[in-house]
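Below is a brisk report on one model.

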Amino acid sequence: MKIDLTDTTASKVNKALVQGRRAIGSPAIGMVLTLVIVTDEENAYDSLKAASEASREHPSRTLVVIKRAARSPRDRTSSRLDADVRVGADAGTGETIVLRLYGDVINHAQSVVLPLLLPDAPVVVWWPVNAPLDPVGDPLGALAQRRVTDTYAAEQPIHELASRAETYTPGDTDLSWTRITPWRSMLAAALDQVTCEVTAAEVEGEEFNPSCELLGMWLADRLSVPVTRSLSSGPGLTSVRLDTDCGPIVLDRADGSLATLSVQGQPDRAVALKRRETAELIAEELRRLDPDDTYASALKYGVDRLGEADSAKSVPQVASPADAASGAGSGSGAGSSGAGSSGAGSSGAKKAAKSPAKKASSDGSSGGGSKAASK
């Protein structure tokens, strides 16, 4: 059932919701949270479709806030709120309210949204595009326990990651981080199967792909080893190589669907590692509403520290005999290259044989749906 309201108010929208529920014979509907989607008209359809599919797992009240830009000076002086209320089959397993804001009311979106939030239920705000640099400082973000952004949709994703680190507040998360959950889980599981020391790592993927950078920062942060970032034609993240004193561990996905896991001394294994749709990503994010400490730690490690390894390799240096002697026993493969002098953790590259596996696997102990799960 759909109810269209033009030039309306939040109280009239609430009355329309009650009217709609009574009309379909279901005055009481159990919903677990309020999902607020802040987007533009161009991306509203795709965002709403993803939220509707995610509502099968998380019945929720979905509020879509669309800020409409006025075309003329006269329109900018007038404020208006239009609403599209959907209940029943038109709203998935919950309720959907599409709010279109015009004029000065755009600057007071929180006053429109606040009366429509479910009482005593968590609030999640999702910006599919054009997310604020400081989500918790945004008036709508201040209403939420969880704030979901997508760095991949930014014009400069790598710079956006640096800004996210500076303004991080517990409750912030990013769909670029969610995309690498299967990668982290698979790598942690591979390290649990061996008793080797990781000496270096390499992450290969598309240029300007924030998921690749986040995976590299996670490896460097959890394993305290130098991480090299290399480029490929994609799609997305294509390969991760961990150099260990027992031989390399390689997780390679060339086609964006099926990956091959290679561990020294074991037969190669094919693993499903397909690129997931937005509905699956947002559904995963809604499974946990507490702060994601693992994401925070990886984000604050700093994307600029990954670049130090590549710059150190590109500048030829003449080593003294003392340096050559000391470097001979520093490890094999990428661990003994110039990348080992980067800020990615050269001081802690040598650990007990089991510690890297334990560190990485500790992120995956809460299950595949958790944000703390290794990807």
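Which residues lie nearest the centre of the largest pocket? Arg179, Arg276, Glu277, Thr278 and Leu281 do, out of 30 residues in the lining. This is a predicted model: local features need pLDDT of at least 70, side-chain atom pairs count only at pLDDT 80 or more, and totals for chains, interfaces and linings use all residues. Residues are numbered from 1 along each chain as its sequence is written, and side-chain values use heavy atoms, without hydrogens or water.

**Pocket.** The largest pocket holds about 630 Å³ of space. A pocket here is an open set of points on a 1 Å grid over the protein atoms alone, where a 1.4 Å probe fits, with protein on both sides within 12 Å along at least five of seven lines; lining residues have an atom within 4 Å of a point. The volume is the space filled by probe spheres set on the points, which are joined across faces, edges and corners. Helix 2, helix 7 and helix 9 each give two or more residues to the lining. Helix 2 supplies the largest share, six residues. Helices (H or I, at least four residues) and strands (E, at least two) are DSSP runs, numbered from the N terminus.

Eight strands form an open sheet in the order 1-4-5-3-2-6-7-8, with mixed pairing. Two strands pair if DSSP finds at least two bridges between them. Strand 1 (2-5) and strand 8 (172-174) stand at the edges; each has a single partner strand, so one side of each lacks a neighbour in the sheet. The twist averages 15 degrees from one strand to the next. Strand 1 and strand 4 (residues 80-87) run antiparallel, joined by four bridges. There, Asp4 stands opposite Asp84.

Helix 2 (residues 41-54) lies across strands including strand 2 (33-39), at about 155 degrees to strand 2. Helix 9 (residues 278-285) touches strand 6, strand 7 (146-149) and strand 8, and makes about 155 degrees with strand 7. Contact means heavy atoms within 4.5 Å. Axes are lines fitted to C-alpha atoms, for helices over the stretch in contact, with angles from 0 to 180 degrees between N-to-C directions.

**Cysteines.** There is one disulfide (a pair of cysteine sulfur atoms within 2.5 Å). Cys196 and Cys246 form it, with sulfur atoms 2.1 Å apart. They sit 50 residues apart. The link is left-handed, with -110 degrees about the S-S bond. Buried means under 20% relative accessible area, exposed over 50%, partly exposed in between (1.4 Å probe, protein chains only).

| Residue | Relative accessible area | Class |
|---|---|---|
| Cys196 | 8% | buried |
| Cys212 | 0% | buried |
| Cys246 | 40% | partly exposed |
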